[in-house]
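Welcome! Here is a short briefing for anyone meeting this structure for the very first time. Take a look at it below, and then read on.

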Amino acid sequence: MSIKEKYVNPFTDFGFKKLFGTELNKDLLIDFLNQVVLPNRHKIAELSYAKNEQIGNTEIDRKAIFDLYCVGTNGERFIVEMQKAKQNYFKDRSIFYSSFPIQEQAKRGDWDFKLSEIYTVGILDFVFTEDSNEKEVRHEVQLKDQNCRVFYDKLTFIYLEMPHFTKTEEELETTYDKWLYVLKHLPYLDNRPKALQEKIFTRLFEAAEIAKFTPDERDSYEASLKYYRDLKNVIDTAIAEGELRGELKGKTEGRMIGLIEGKKKGLIEGKIEGKIEGKIEGKIEIARNAIAENIPMDIIIRLTGLTVEELEKLKNE
């Protein structure tokens, strides 16, 4: 398989973990979390990677495998996932995943149930259907009461809808913008853009350069990239076929509606025309009888609404 791109695709499993899931590149993940996930909160200075496979407390409990799972110095838990395609019950899955960092904080013996903050972060290569008419990129979700007041601020879900991020290089203003831009465009770049000259992005582009991969890393990336492209082609084909079916269905329904509406319109117009013609014929018949009885013309005109010319024609029949 020939790889033409210069930089790794972060939406592949290998690419995402290469950039954010190794001790060597931990500074990239810390900056991403500080700039994108925690822009209005405290910043984290250090974190440690935790086991990304979580097992339930009993044999029958389901397990969860996260893309990345890490813990901040103050005990904050971060689940970070790169989602390539929309799945059924995606939000349910997010809730399910967040339950594991909650459970693992339980302590034996006396425990006051105090929990550290938990952040579930989804970097999405798709948009939520219910949000398809909105263009928001970042969604931050917390538990709220009926008056929309935050009920619990230690459990936060953050979703980044990457297709909605449309800023150009010239429009990048904040580090937040730059992170989203590089995530979306990295595999399509030939060189580091002028807008991304910060030290952290120098590190990112160095880590992302495919030419620097070992042979084993290159093989792993090729397999991961093939899976990503195959999955994307399947999704794109399904969308195209769905749109085609929708178009055909719309045309068929449109024709049927057109035929039905045409018939209705024809019936209505026919009834109207029939009534009009009937009224005219009735007036003409009244005029003929009045002429035969030698009723004055002005009286016939008032009775029928016919013109002098029309009455003259009837006289000459």
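**A first look around**

With a relative accessibility of 26%, Glu5 counts as partly exposed. Please keep in mind that this is a predicted model. The secondary structure of the chain comes to eight helices and eight strands. Of its 317 residues, 38% count as buried. Among contacts in the chain with a separation of 6 or more, 59% are between residues 24 or more positions apart.

**The sheet and a helix packed on it**

- Six strands make up an open sheet with mixed pairing, and their order is β1-β4-β5-β6-β8-β7.
- At the edges sit β1 (47-49) and β7 (138-144), each of which pairs on one side only.
- From one strand to the next, the twist averages 25°.
- Helix α2 (residues 26-37) packs on this sheet, where it touches β1, β4 (68-72), β5, β6, β7 and β8 (150-161).
- The direction of α2 makes about 120° with that of β1.
- Strands β5 (residues 77-83) and β6 (residues 118-124) run parallel and are joined by seven bridges.

**Glu76, a charged residue inside**

- Glu76 is found in the loop between β4 and β5.
- Is Glu76 buried or exposed? Glu76 is buried, yet it has no salt bridge.
- A polar atom of the Glu76 side chain lies 3.2 Å from the backbone nitrogen of Asn74.
- Leaving aside neighbours within four places in sequence, the residues in contact with Glu76 are His42, Ile44, Cys70, Val71, Ser116, Glu117 and Tyr119.

**Salt bridges along the chain**

- How many salt bridges does the count come to? The count comes to 15 salt bridges.
- One of them is between Arg229 and Glu5, whose closest N and O atoms are 2.9 Å apart.
- Arg229 belongs to helix α6 (residues 215-292) and Glu5 to the segment before α1 (13-20), so this pair ties together parts that are 224 residues apart in sequence.
- Arg229 is partly exposed, its relative accessible area being 31%, and Glu5 also counts as partly exposed, at 26%.
- Another salt bridge brings together the side chains of Arg77 and Glu104, at 3.0 Å from N to O.
- This pair links distant parts of the chain, 27 residues apart: Arg77 is in strand β5, while Glu104 is in the loop between α3 (90-103) and β6.
- Asp145 is partly exposed, and its relative accessible area is 25%.
- Finally, a network of salt bridges links Glu23, Lys26 and Glu46.

How values were computed: Residues are numbered from 1 along each chain as its sequence is written. This is a predicted model: local features need pLDDT of at least 70, side-chain atom pairs count only at pLDDT 80 or more; totals for chains, interfaces and linings use all residues. Side-chain values use heavy atoms; hydrogens and water are left out. Two strands pair if DSSP finds at least two bridges between them. Helices (H or I, at least four residues) and strands (E, at least two) are DSSP runs, numbered from the N terminus. Axes are lines fitted to C-alpha atoms, for helices over the stretch in contact, and angles run from 0 to 180 degrees between N-to-C directions. Contact means heavy atoms within 4.5 Å. Buried means under 20% relative accessible area, exposed over 50%, partly exposed in between (1.4 Å probe, protein chains only). Lys and Arg count as positive and Asp and Glu as negative; His and the chain ends are not counted. A salt bridge is a side-chain nitrogen of Lys or Arg within 4 Å of a carboxyl oxygen of Asp or Glu. A polar contact is a pair of N or O atoms within 3.5 Å; within protein, one must be able to donate a hydrogen and the other to accept it, and residues adjacent in sequence count only if both atoms are side-chain atoms.
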